[in-house]
Amino acid sequence: MGTQVKDVVIKSDAPSALLLDKHADYIAAYGSKKDDYEYTLSEYLRMSGIYWGLTVMDLMGQLTRMNQQEISDFIKSCQHDCGGISASIGHDPHVLYTLSAVQILSLYDNVNVLDVDKMVEYVRGLQQEDGSFAGDKWGEIDTRFSFCAVATLALLGRLDAINMDKAVEFVLSCMNFDGGFGCRPGSESHAGQIYCCTGFLSIAGQLHQVNADLLGWWLCERQLPSGGLNGRPEKLPDVCYSWWVLASLKIIGRIHWIDKSKLRSFILACQDEETGGFADRPGDMVDPFHTLFGVAGLSLLGEGQIKDVNPVLCMPEDVLERLGLHPDLLS
Amino acid sequence: MHGRVKLKSTAQQEEEKRKEREKKLKIYVAGRDAIFTKRLEGVLDDEALQLTQQLLSSNPDFATLWNYRREILLHLETVREEDDVQKMYEAELLFLESCLKVNPKSYGSWHHRGWVSARLPRPDWARELGLCDRCLSLDDRNCESEVHCWDYRRMVVKMSGVPVDQELQFTDRLIGSNFSNYSSWHYRSTLLPLLHPESPDPPSPCHQHSHSSPPPSPQTHSHRVCEEQLLKEYELVQNAFFTDPNDQSAWFYYRWLLGRAEREEMISCVFVSREEERVAVAFSRPVNASSSGLMLVLDGQPQRVEWRSVHPHFRHSPVWICALPPGTISDIINEHNLTVHWTEKHTHRDCALYTGRSESWCRDSATDQELFRSELSVEKTSVLQSELQSCNQLLELEPQNKWCLLTIVLLMRALDPLGYERETLSHFQTLKEVDSMRSAYYGDLCSKFMIENTILKMEYAEVRVFSLSDKNLTMLCHLDQLLLVTHINLSCNQLLRLPPQFAMLQCLEVLEADDNAIENLDGLYYLPKLQEVSLKNNQISKLSDLQLLTSCPKLTCLDLRGNPVTQIANIQSELTELLPSVTDLLI
């Protein structure tokens, strides 16, 4: 008995050149699909969807093709009385969309269309006694929300609003036997959570608490024979892990432990030559989420045609430069 | 968004699909708008429950609808009898079960289920546990639901007080049937320290976490588990990877079992030098001097000193330096007694500076600290030796199995790092061949082990010379252990830079690093005793790369032959201007 290695096989006719123009066209057209079923069904994450689209356009130097005014107005109408931001009009506020909103407005250098003080209060109010963060008033706890909270406050220059020591204590309590992190204490390691926790620790200036050699090993073992990365052992590769895993490796100073050229080939194979955009794996349907993380992953790999992306905040480095934000990275 | 294959279809098929989606969209939007209208009007009735139910069945990620449902349910709680509330929430659980069948990975559904379970007047935790069992059996690990399911299980266990050993047996069963392995091993790593702690005072049982502080993370160090149980675990894991040598999870878990104990928090070295009138302190882990309560006492008098880390890059550093007031210790006739207090950790270190001695130090060796290898009991040694034998047998059957190779290396490190050096190097060579995607990882890991061995050899020889040339070194680490080193030879390796951490070599007098690929000298930062630097045949290409050398006041010899920088016009005069005290310059 032996376990087969779960992986994909990249066909010989899979795309091997970077089709940036096609991706820009895909994203530019995506927002106009307001009568589309899939688009409407994803309304519950619209704020994040806009963040994915705008960020990838900015990374490709095409941000001007998006409608800044319309988006700013939309975001303004999503701020609730409690200060939190919702994914869309009529939806409830949540820390996930509060971060996305701040990220979007940071791209436009326009955060002040929102009531920033109220937003800071909203985030502060989500911190629990044990240092963890709830996503909203309904109390779901997840280290993703710890990341969202500090990333939001870092972009606003308001990290002093929370109890950072307690927040760090909670995140560290989610560290596992394999050096990775899960959503809550006792939860299994997962690349998405690892990205959130290493990103959190970077912002908190506590990266030295990570066991970089052990975690780096777990992360580089995500690379499969196809060159793609999975999110945890024995799962299929997915282009979004080119971000979660790669950014985590960059943050802990071990990005060279991945075979870069094989990963690059995998990411390029996930492009759709017809429609533009990236899918989770070669041959699947594309979407803006995977398009951002495919392009961002390529940026981390040093792709010349794409702007440098910051591995902690997944935003263009030049935006963070303007804000004076330089989160720590291990060397 | 995930796993949706793109299918080609005819124009007619496309048109049919489009019409169908248009219809679905209309229904959906009507439903959504009706719900939003009701909510805005503050309506909290059964119709709203029905409408949200319809939409959530096909779109459970629409989080706002779960919120609305909770508002309605909370309201109904206030106007219904307990029995009706019980029925209401049981119906909710039934609804959630169907949602989870359709989409087992929705955060919204799982969170709502947890919320409902907690609000039931008479919760049925056994049923919830049964749901988790069923959910796990549906999952084929191709699905994110597994992670949600286990997290939900942990919540149920906590709420209902399921004993730890029962959960441990549950993982036994799963592992035995080769199912959900990684999650099971992971769960074991969290349960073992609770059930079989190494110390007589166990941490609080898993179902009684205190609310004010998060539980300790015993799972990061297998040494929190008592040795007797640990040795049993070795057997369990060995069975797993002998049954299936490609089952990754067992190998990951095994690596954890081979891990060393957490280092005791302490000051590992204090060094004092009369000439520079400075004190250097090395800690067992990176600290921030300003928040750690570092205090220096000289001859019974607390000193007002400013601590700085070895490089401005690091707010947290294992090595800190301070300058003493001029004249305090410079006279070689005087004897002095220094104490460094780490008040945050209630520990301190003394160092005596004798008459006639220009410097002094006090240090625990790497061996004393069990830095690179734990002291093993006779029993554990024997177990590990037989493990090593078994793994070697497995390797004969599966010579390309990288998990086995790496584990053999780790076993050898645990048993006898110096004795097995040759085999270790050979295995790393094989690893780079059979698992070439990760050859950079193996290169760095091998470098780390060779550095550890060199430190051990240096300590046994009781010298302050560190020599590690021609060993394919790809990186430098453990530099905090080299605080006392006076001579270092890193020639003929594959180093790309001397990182900022290199500045921890505060006693360094001679640096030889010829024949590498060094292009960055960030670590040659304020090294007060550095006199000779040889960097022949490297990749230093700009004058600015050498700027930092001006911070080393004693530097007199510099060999830069074979570097691209020597090809720059007027380099001789540029360097003489930059480094006037370097009288012996070779380019």
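Which residue forms a salt bridge with Glu140(A)? Arg144(A) does, and the closest N and O atoms of the two residues are 3.9 Å apart. The model is predicted. A search of the whole structure gives 64 salt bridges over all chains, and 13 of the kind are found across the interface of chain B and chain A.

**Interface of chain B and chain A**

- The size of an interface is often given as the accessible area lost when the parts come together.
- Between chain B and chain A the buried area is about 6,900 Å², and carbon and sulfur atoms give 52% of that area.
- Chain B brings 74 residues to the contact, and chain A brings 80 residues.
- Residue pairs in polar contact between the two chains, both at pLDDT 80 or more, number 34.
- On the side of chain B that touches chain A, two or more residues come from each of the helices H1 (11-40), H3 (63-79), H5 (107-119), H7 (145-160), H9 (181-195), H11 (248-257), H14 (402-415) and H16 (439-460) of chain B.
- H1(B) gives the largest share of that side, eight residues.
- Sorted by class, the side of chain B that touches chain A holds 25 nonpolar, 23 polar and 26 charged residues.

**A salt bridge and a histidine at the interface**

- Glu43(A) and Arg32(B) meet through their side chains in a salt bridge, at 2.7 Å from N to O.
- His186(B) sits in helix H9 of chain B and counts as buried, since its relative accessible area is 1%.
- The side chain of His186(B) reaches the backbone nitrogen of Glu188(A) at 3.4 Å.
- Beyond residues up to four places away in sequence, His186(B) touches Asn176(A), Phe177(A), Gly186(A), Ser187(A) and Glu188(A), and also Arg154(B).

**Salt bridges within a chain**

- Side chains of opposite charge can pair when their charged atoms come close.
- Asp172(B) and Arg188(B) form a salt bridge through their side chains, at 2.9 Å from N to O.
- The pair links distant parts of the chain, with Asp172(B) in helix H8 (residues 164-176) and Arg188(B) in helix H9 of chain B, 16 residues apart.
- Asp172(B) counts as partly exposed because its relative accessibility is 35%, whereas Arg188(B), at 3%, counts as buried.
- A network of salt bridges links Glu275(B), Glu276(B), Glu359(B), Arg464(B), Lys529(B) and Lys554(B).

- Lys380(B) belongs to helix H13 (residues 378-397) of chain B.
- Lys380(B) counts as buried because its relative accessibility is 5%, and under 20% is the cut-off for that class.
- Apart from neighbours within four places in sequence, Lys380(B) is in contact with His223(B), Glu227(B), Leu230(B), Leu231(B) and Tyr234(B).
- One of these, Glu227(B), is 153 residues from Lys380(B) in sequence and 8.0 Å from Lys380(B) in space, C-alpha to C-alpha.
- Asp514(B) lies in the loop between strand E12 (510-512) and strand E13 (532-534) of chain B.
- Asp514(B) is buried, its relative accessible area being 8%.
- Contacts of Asp514(B), leaving aside neighbours within four places in sequence, are Leu490(B), Ser491(B), Cys492(B), Ser534(B), Leu535(B), Lys536(B) and Asn538(B).

**Helix H12 of chain A**

- The buried residues of H12(A), residues 260-269, are Leu263(A), Phe266(A), Ile267(A), Leu268(A) and Ala269(A).
- Among the elements of chain A that cover these buried residues are helix H11 (241-251), strand E1 (278-279) and helix H13 (288-300).
- At the start of H12(A), a side-chain oxygen of Asp259(A) comes to within 3.3 Å of the backbone nitrogen of Ser261(A).

**Annotated domain of chain B**

- An unreviewed UniProt entry places the feature "domain: Rab geranylgeranyltransferase alpha subunit insert-domain" at residues 267-366 of chain B.
- Over residues 267-366 the chain is 54% strand and 4% helix, and the end C-alpha atoms are 13 Å apart.

Methods
Residues are numbered from 1 along each chain as its sequence is written. Chains are lettered from A and ligands numbered from 1 in the order in which they are written. This is a predicted model: local features need pLDDT of at least 70, side-chain atom pairs count only at pLDDT 80 or more; totals for chains, interfaces and linings use all residues. Side-chain values use heavy atoms; hydrogens and water are left out. UniProt positions are given in the numbering used here, feature names are shortened, and annotations may be inferred rather than shown by experiment. Contact means heavy atoms within 4.5 Å. Buried area is the accessible area (1.4 Å probe) that two parts lose on being put together, summed over both. A salt bridge is a side-chain nitrogen of Lys or Arg within 4 Å of a carboxyl oxygen of Asp or Glu. A polar contact is a pair of N or O atoms within 3.5 Å; within protein, one must be able to donate a hydrogen and the other to accept it, and residues adjacent in sequence count only if both atoms are side-chain atoms. Ala, Val, Leu, Ile, Met, Phe, Trp, Tyr, Cys and Pro count as nonpolar, Asp, Glu, Lys and Arg as charged, and the others, Gly among them, as polar. Buried means under 20% relative accessible area, exposed over 50%, partly exposed in between (1.4 Å probe, protein chains only).
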